[in-house]
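Here is a walk through one model, meant for someone meeting it for the first time. Have a look at the structure, then read on.

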Amino acid sequence: MAVPQPVGVLPEIHAECRDLVRNFGGIAGGHVIEAMGPITLEIRRGEFFSVIGPSGCGKSTFMDVLAGLTPPTSGTVTFEGLPVRGTVPDGVGAVFQEDASLPWLNVWDNVAFSLRHDGTDPAEIKRRVDEAVAFMGLRQFAKAYPNQLSGGMRQRTCIARTMVMRPRMILLDEPFAALDAQTRLLMGDELLRLWRETGATVVLITHALDEAVMLSDRIGAMSARPGRFLDIVETGWPRERDSSILARAEVGAVSSRLWGVLREESQKALDQSGRLAAAREGS
Ligand SMILES: Nc1ncnc2c1ncn2[C@@H]1O[C@H](COP(=O)(O)OP(=O)(O)OP(=O)(O)O)[C@@H](O)[C@H]1O
Ligand SMILES: [Mg+2]
């Protein structure tokens, strides 16, 4: 098991979703989009949990609800036993798909940004930012501006900015989507190192099956919209791991089990979008 637990002790629940549903629209008799749910899920403290699912199935909506960025239509989310309502709870950090670096600030100041707005003591800011910049391999680029960096470096900057806040749970929504396959694997290694060394719980949204399989202790496969978890697979990887795990024989079994769900649901998602397009043309 990837997160070692003393024998006979249940894993501690870090975040819990109960009957979560999120719909959009429906105002003044308008059309309701059922984006996600119902989802009931327990995220264990210290685990690396990935979510995969077809495009448009509600993955980002799930992350937004889990992070407290958007309220559920019904159901509840708790983090460390307390209800999540309306704001991102203390102890939760989020990294988004799009490059969220601030173009007018250099790498060091980008990483320091949230801490400065948090009223943290300047000496402590310096200590944490220096540490995060070095950890993410950006020391030589500390004075560079985002437009002088590669896409991978910009995402590393965004991860460092979240990391300095010392989150106990990190949520990432397709943070490597804009990167080439090789850089993605290497960024995955960085993420594993961050997870191992900080002890944080990581929830990663991705549509890349190999990335989910390589990185995770557990992987939840979502249905087509409204996204629900159809299967949750426990990989059993050791905590000390990196992208070389992809060479293991067991990877094939985990991937093909998940691909079975993903293939069928992606087909449904394609059919759904085809029907939507036809309905638009007909109207
Ligand atoms: N703010 C919103 N208003 C209305 N509909 C929305 C809103 N946000 C998302 N949706 C709808 O909810 C559904 C799920 O969207 P979501 O972005 O969560 O999917 P996703 O799985 O993250 O997709 P992708 O893989 O393309 O990132 C989509 O049909 C989308 O159009
Ligand atoms: Mg998304």
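In this predicted model, let's begin with two helices: α4 covers residues 151-163 and α5 covers residues 181-198, and their axes come within 11 Å and cross at roughly 15°. An angle under 35 degrees counts as roughly parallel, so α4 is roughly parallel to α5. The crossing of α4 past α5 is right-handed. On the α4 side the residues that meet α5 are G152, Q155, R156 and M163, and on the α5 side they are T183, M187, E190 and L194. Sort the residues of this contact by class and you get 3 nonpolar, 3 polar and 2 charged.

Helix α4 has another partner. Helix α2, residues 107-116, has an axis that comes within 7 Å of the α4 axis, and the two cross at roughly 35°. Here too the crossing is right-handed, with α2 passing α4. From α2 the contact uses V107, N110, V111, F113 and S114, while α4 brings T157, A160 and R161. The classes in the contact of α2 with α4 come out as 4 nonpolar, 3 polar and 1 charged.

| Helix pair | Axes come within | Crossing angle, roughly |
|---|---|---|
| α4 and α5 | 11 Å | 15° |
| α2 and α4 | 7 Å | 35° |

Where the domains touch, domain 1 puts in 9 residues and domain 2 puts in 8 residues. Which element gives the most to the side of domain 1 that touches domain 2? That would be α5, with 4 residues. By class, this side of domain 1 has 7 nonpolar, 1 polar and 1 charged residues.

On to the sheets. One is an open sheet of 6 strands, in the order β6-β7-β8-β3-β9-β10, and its pairing is mixed. Its edge strands are β6 (92-95) and β10 (229-234), and each of these pairs on one side only. From one strand to the next, the twist averages 15°. Helix α1, residues 59-67, packs on this sheet and touches β3, β6, β7 (169-173), β8 and β9 (218-222). The direction of α1 makes about 155° with that of β7.

Let's look at some of the pairing inside that sheet. Strand β3 (residues 48-52) runs parallel to strand β8 (residues 201-205), and 4 bridges join them. One of the residues to look for is V51, whose bridge partner in β8 is I205. Strands β9 and β10, on the other hand, run antiparallel and are joined by 5 bridges. Across that pair, G220 stands opposite I232 in β10. A hairpin of 6 residues takes the chain from β9 to β10.

There is also an open sheet of 4 strands, ordered β2-β1-β4-β5, with antiparallel pairing. The edges belong to β2 and β5, and each has a single partner strand, so one side of each is left without a neighbour in the sheet. Helix α1 packs on this sheet as well, touching β1, β2 and β4, and its direction makes about 120° with that of β1. Strand β1 (residues 13-25) pairs with β4 in the antiparallel sense over 5 bridges. Within that pairing, A15 has F79 of β4 as its bridge partner.

Most residues other than glycine have a negative phi, and most peptide bonds are trans. Where does the model depart from that? The peptide bond from G37 to P38 is cis, with omega near 5°, and P38 sits in strand β2 (residues 32-44). The bond from R225 to P226 is cis too, with omega near -5°. You'll find P226 in the loop between β9 and β10. Then there is E80, which is not a glycine and yet has a positive phi of about 50°. Look for E80 in the loop between β4 (74-79) and β5 (82-83).

Notes:
Residues numbered from 1 in each chain as written. Chains lettered and ligands numbered in written order. Predicted model: local features only at pLDDT ≥ 70, side-chain atom pairs only at ≥ 80, totals over all residues. Pairing = 2+ DSSP bridges. Axes fitted to C-alpha atoms, helices over the stretch in contact; angles between N-to-C directions. Contact = placed C-beta atoms within 7 Å. Parallel < 35°, antiparallel > 145°, perpendicular 65-115°, else oblique. Left-handed = near helix turned anticlockwise from the far one by under 90°. Nonpolar A, V, L, I, M, F, W, Y, C, P; charged D, E, K, R; others polar.
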